[in-house]
Number of protein chains: 2
Amino acid sequence: MKPNMIRKTCTVAVDIVLLTVREGAFQVLLIDRLLTPQRGWPALPGGFVLDEDLPAAAQRELIEETHIDASRLHLEQLQSYGTPSRDPRGRVITVAYLGLAPDLPVPEAGTDAQNARWEPVASVLDGTTKLAFDHGTIVADGVERARSKLEYTTLATAFCQSEFTISELRHVYEIVWQAPIDARNFHRKVTSADFLTATGRRTTRDGGRPAALYRATEEKVNELLYPPMLRPRVLVP
Amino acid sequence: MKPNMIRKTCTVAVDIVLLTVREGAFQVLLIDRLLTPQRGWPALPGGFVLDEDLPAAAQRELIEETHIDASRLHLEQLQSYGTPSRDPRGRVITVAYLGLAPDLPVPEAGTDAQNARWEPVASVLDGTTKLAFDHGTIVADGVERARSKLEYTTLATAFCQSEFTISELRHVYEIVWQAPIDARNFHRKVTSADFLTATGRRTTRDGGRPAALYRATEEKVNELLYPPMLRPRVLVP
DNA sequence: TCAAAAGTGTTTAACTTACACCCATGT
DNA sequence: ACATGGGTGTAAGTTAAACACTTTTGA
């Protein structure tokens with residue numbers, strides 16, 4: 001048998017990096033592991049793939065472990081992680097998914113998981129919260145993908161409720177990018193960019209003068225944003 | 001046993017979308033399958049993952065099937081494909097890799113493959129060349145990734161020889177994007193963008209007045225390009 | 001001498017940035 | 001009345017697009 005005829009089977013898992021903007025912070029959904037290995041450690045929700053499509057596996061695991069229904073959320077494939085040593089149980093390849101959610105009700109833990117909760121991404125990125133396996137790296141990759149998608153796509157609306165004001169949308173950018181944005185120029189830019197639909201309604205929930213409510217234009221969600229909204233770059237001279 | 005305790009094993013493969021700019025066309029490396037299923041069909045080089053890292057598997061398969069050494073080429077993970085029905089042999093999940101190469105010598109087929117060759121991506125995208133499994137989709141995803149990476153990163157240099165002229169670099173953009181670019185504005189833009197190092201040498205291989213030779217600045221390869229080089233957008237009013 | 005490509009200059013338009021200013025509400 | 005955020009106006013600065021023009025080679 002030639003070497004390339006040897007078929008090794010491995011286990012395939014999905015892990016979900018579900019991000020949200022909550023209480024003025026960029027947060028990620030974590031659970032505490034109920035099963036060995038790494039029992040008790042904070043980790044991403046996820047699990048083994050059954051006889052189903054990969055995105056279906058991600059949605060199923062999210063519901064099983066956190067009771068969050070991702071069917072109406074943005075969910076995209078992030079990357080696969082397959083270093084042979086990444087899981088002590090053997091060769092496990094995980095396909096990571098990235099989800100973006102508006103501020104949802106506090107999650108409730110389910111099977112194989114306890115203490116489902118939102119955790120600020122900052123405490124994962126700076127190592128304050130250590131995650132099981134290579135989940136810290138996966139979160140970092142997901143956060144960077146989200147930050148860069150806000151530049152080139154209309155996906156920031158995925159972090160907002162179904163109806164939102166321009167300043168709520170701006171807060172999403174400011175919190176995800178950790179950078180202040182001029183409210184007046186931002187207003188002009190997004191209202192002329194043709195991915196928001198005015199509902200005609202107004203709200204005063206943000207205080208001050210009533211603000212117009214918008215929703216994401218149905219056919220423009222997850223479209224490329226042109227021109228892009230470039231985040232401020234640090235100049236390296 | 002709870003449903004989420006059932007661990008299905010599947011087979012994990014890698015497939016490589018190796019792209020190049022050759023003879024004035026954007027081309028992809030294909031092989032003809034020597035093994036069933038889909039024996040004789042054109043397909044991407046690739047194969048099953050052994051006890052090795054995923055990028056190592058991609059490099060090994062490329063060498064085994066086409067004798068192309070990717071160790072000095074740009075190789076990045078593209079996406080994983082895992083629809084249960086995508087392979088008649090059973091559950092096979094493939095991790096696709098995207099490689100960018102300069103115009104290389106014509107490849108030579110190896111084990112499990114015959115007739116390794118470059119094929120214009122256009123004939124794959126328009127269905128003229130039908131590929132085995134879902135490889136047509138994988139090529140389309142790789143092409144779109146490459147097109148968009150040319151906008152935001154310095155990766156166009158990965159399609160050039162180690163030393164190249166500005167107009168050779170411009171031809172890469174024109175062929176990958178299938179759009180004409182103003183030579184004079186392009187020249188100014190890339191020479192002021194600080195990812196090219198002048199070698200001091202000149203060449204007349206493109207005809208006309210001798211052109212300065214550049215190389216990709218070592219520490220800027222695969223960096224973000226700022227400001228980005230946006231490809232012309234079709235306006236949909 | 002001519003074609004062909006390299007490279008520079010210049011004009012115009014478009015877009016970005018910064019910030020002044022007025023508006024409409026709750027308290 | 002006044003604080004708070006919403007929204008518009010505008011001038012200055014910067015960048016991009018179009019294209020005229022000079023330079024340097026090979027044939």
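Begin with the side chain of A:His187, where an N or O atom sits 3.3 Å from a phosphate oxygen of DNA strand D, a polar contact in the sense used here (a pair of N or O atoms within 3.5 Å; within protein, one must be able to donate a hydrogen and the other to accept it, and residues adjacent in sequence count only if both atoms are side-chain atoms). Next select A:Ala212, which has a backbone N or O atom 3.0 Å from a phosphate oxygen of DNA strand D. For a contact with a base, go to A:Arg209, where a polar side-chain atom is 2.7 Å from a base nitrogen of DNA strand D. The elements giving two or more residues to the surface near this strand are helix H4 (166-177), helix H5 (183-191) and strand E9 (211-216) of chain A, together with helix H5 (183-191) of chain B; helices (H or I, at least four residues) and strands (E, at least two) are DSSP runs, numbered from the N terminus.

Before going further, note that the model is predicted, with local features requiring pLDDT of at least 70 and side-chain atom pairs counting only at pLDDT 80 or more, while totals for chains, interfaces and linings use all residues. Residues are numbered from 1 along each chain as its sequence is written, chains are lettered from A and ligands numbered from 1 in the order in which they are written, and side-chain values use heavy atoms, with hydrogens and water left out.

Now widen the selection to the 22 residues around DNA strand D, of which A:Ser167, A:Gly208, A:Arg209, B:Asn185 and B:Arg209 come nearest; a residue is near a strand if one of its heavy atoms lies within 4 Å of it. Of the atoms of DNA strand D that come within 4 Å of the protein, sugar and phosphate account for 48%. H5(B) gives the most to this surface, with four residues. Coloured by class, the surface near DNA strand D shows five nonpolar, six polar and 11 charged residues, where Ala, Val, Leu, Ile, Met, Phe, Trp, Tyr, Cys and Pro count as nonpolar, Asp, Glu, Lys and Arg as charged, and the others, Gly among them, as polar.

Which residues are closest to DNA strand C? Of the 22 that surround DNA strand C, they are A:Asn185, A:Arg209, B:Ser167, B:Arg209 and B:Ala212. Select the side chain of A:Asn185, and an N or O atom there is 2.9 Å from a base nitrogen of DNA strand C. H5(A) gives the most to the surface near DNA strand C, with four residues. Sugar or phosphate supplies 53% of the atoms of DNA strand C within 4 Å of the protein, and bases supply the rest.

With both chains selected, superpose chain B on chain A: a rotation of 180° with 0.0 Å of shift along its axis does so at an RMSD of 0.0 Å, by least squares on the C-alpha atoms of residues with pLDDT of at least 70 in both. That is the relation of a two-fold axis.

For the last stops, select the backbone of A:Tyr226 and A:Pro227, which are joined by a cis peptide bond with omega near 0°; A:Pro227 lies in the segment after E9 of chain A. In chain B, the bond between B:Thr36 and B:Pro37 is also cis, with omega about -5°, and B:Pro37 is found in the loop between strand E2 (25-33) and strand E3 (42-43).
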